[in-house]
Amino acid sequence: MALKYLDKNNISEEDNQIAINVRNHIRQGNRVIGVPGEGLQQTLIELEHKRDEQKKISDIAWEMSDPELEQQIALTKAGIEGEKQLCEYLERILKLDDKLQGVVAFASLSYEPERYKDLGYTPDTDTLLVYGHNILIIDAKNLKLKPNQEIILVGNSLVDPEKGKELLTVNPSVQVWEKIMANKNIPIDSIDGYVCIVNKTPVIIDRDDEWYASHIKPIHISELLEVLEDWVASCPSETMYLDMLTEVAKAQIKEDRNLSFDPDAIKRKYGV
């Protein structure tokens, strides 16, 4: 459904410039706003700084590698690449698919990240899509999987049922965004979330009752177009609401964070 207008009501004076920037992005035809992987970039800076510091310990000692640290750096780089690929694909389909007119995506969001420095990484929402007063959260995961590997969702974990191995844990952010919008009196008609596996390897995802009830439903990126088309069809809207778009834009990660390093926290979040 083509959008008839952009609702510019309920913008506070302090948010006026951000609202103008968002409006200009939309008028220029941009459908993905922000820098993909910015939260992980901050994590990568800290990891590489730690590696550099280890090399400075002694000029005469034999230099030893830190396998744990190198693994975290590799995982973080893979995560950045996954978020970039997801946003590149979103930019393409949001521009070219008429069924997705009016959907705007935001990359790398973290609301009040200073509260979470002790986690050891920058907690963020990889990608958040807005359509009317509807929100869809997509968490990108760049996983190395064997062809047709089966994945099941158990609680907040993606699990390989054949080996009984947890691949990674995901913390849903639906409640965070519900609270953010409620604090600003911005209505949400619907909100949901997915974990998007970003690779070129086909996977088998078990869609049981837990999957349908979850806000972190795993899907493969090859399914994303159909998921988005179904989402838009289920919540038709002819209006873009600038107050909601602006509130999301306020959470974009832009500054370096000096975070403590916790390899276990990073491994849990980004997978092995």
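Here are some friendly notes on this predicted model, point by point.

1. **Ground rules.** Since this is a predicted model, local features need pLDDT of at least 70 and side-chain atom pairs count only at pLDDT 80 or more, while totals for chains, interfaces and linings use all residues. Residues are numbered from 1 along each chain as its sequence is written, and side-chain values use heavy atoms, with hydrogens and water left out.

2. **Overall make-up.** The protein chain has 8 helices and 12 strands; these are DSSP runs numbered from the N terminus, helices being H or I with at least four residues and strands E with at least two. Of its 272 residues, 49% are buried (buried means under 20% relative accessible area, exposed over 50%, partly exposed in between, with a 1.4 Å probe and protein chains only). Among contacts with a separation of 6 or more, 75% join residues 24 or more positions apart (contact means heavy atoms within 4.5 Å).

3. **Cores.** The largest nonpolar core holds 41 residues (such a core is a set of buried Ala, Val, Leu, Ile, Met, Phe, Trp, Tyr and Cys residues joined through side-chain atoms within 4.5 Å). The members touching the most others are Leu86, Leu90, Val103, Leu129, Leu224, Leu228 and Trp231. Helix α3 (residues 67-96) gives this core its largest share, 6 residues. A second, separate core has 24 residues, including Val104, Leu128, Met181 and Met244.

4. An open sheet of 6 strands runs in the order β2-β3-β4-β5-β9-β11, with mixed pairing (two strands pair if DSSP finds at least two bridges between them). At the edges are β2 (32-33) and β11, each pairing on one side only. Strand β2 runs parallel to β3 (residues 104-109), joined by 2 bridges, and isoleucine 33 stands opposite phenylalanine 106 in β3.

5. **Helices on the sheet.** Helix α4 (residues 174-183) packs on the sheet, touching β3, β4 (125-131), β5 and β9 (190-197), and its direction makes about 145° with that of β9. Helix α7 lies across β3, β4 and β5, at about 20° to β3. For both angles, axes are lines fitted to C-alpha atoms, for helices over the stretch in contact, and angles run from 0 to 180 degrees between N-to-C directions.

6. The whole structure has 7 salt bridges (a side-chain nitrogen of Lys or Arg within 4 Å of a carboxyl oxygen of Asp or Glu). Lysine 250 and aspartate 15 form one of them, at 3.2 Å from N to O. These partners sit 235 residues apart, lysine 250 in the loop between α7 (242-249) and α8 (263-270) and aspartate 15 in the loop between β1 (5-7) and α1 (16-27). Aspartate 15 is buried at 10% relative accessible area, whereas lysine 250 is partly exposed at 27%. Asp15, Glu247 and Lys250 are linked in a network.
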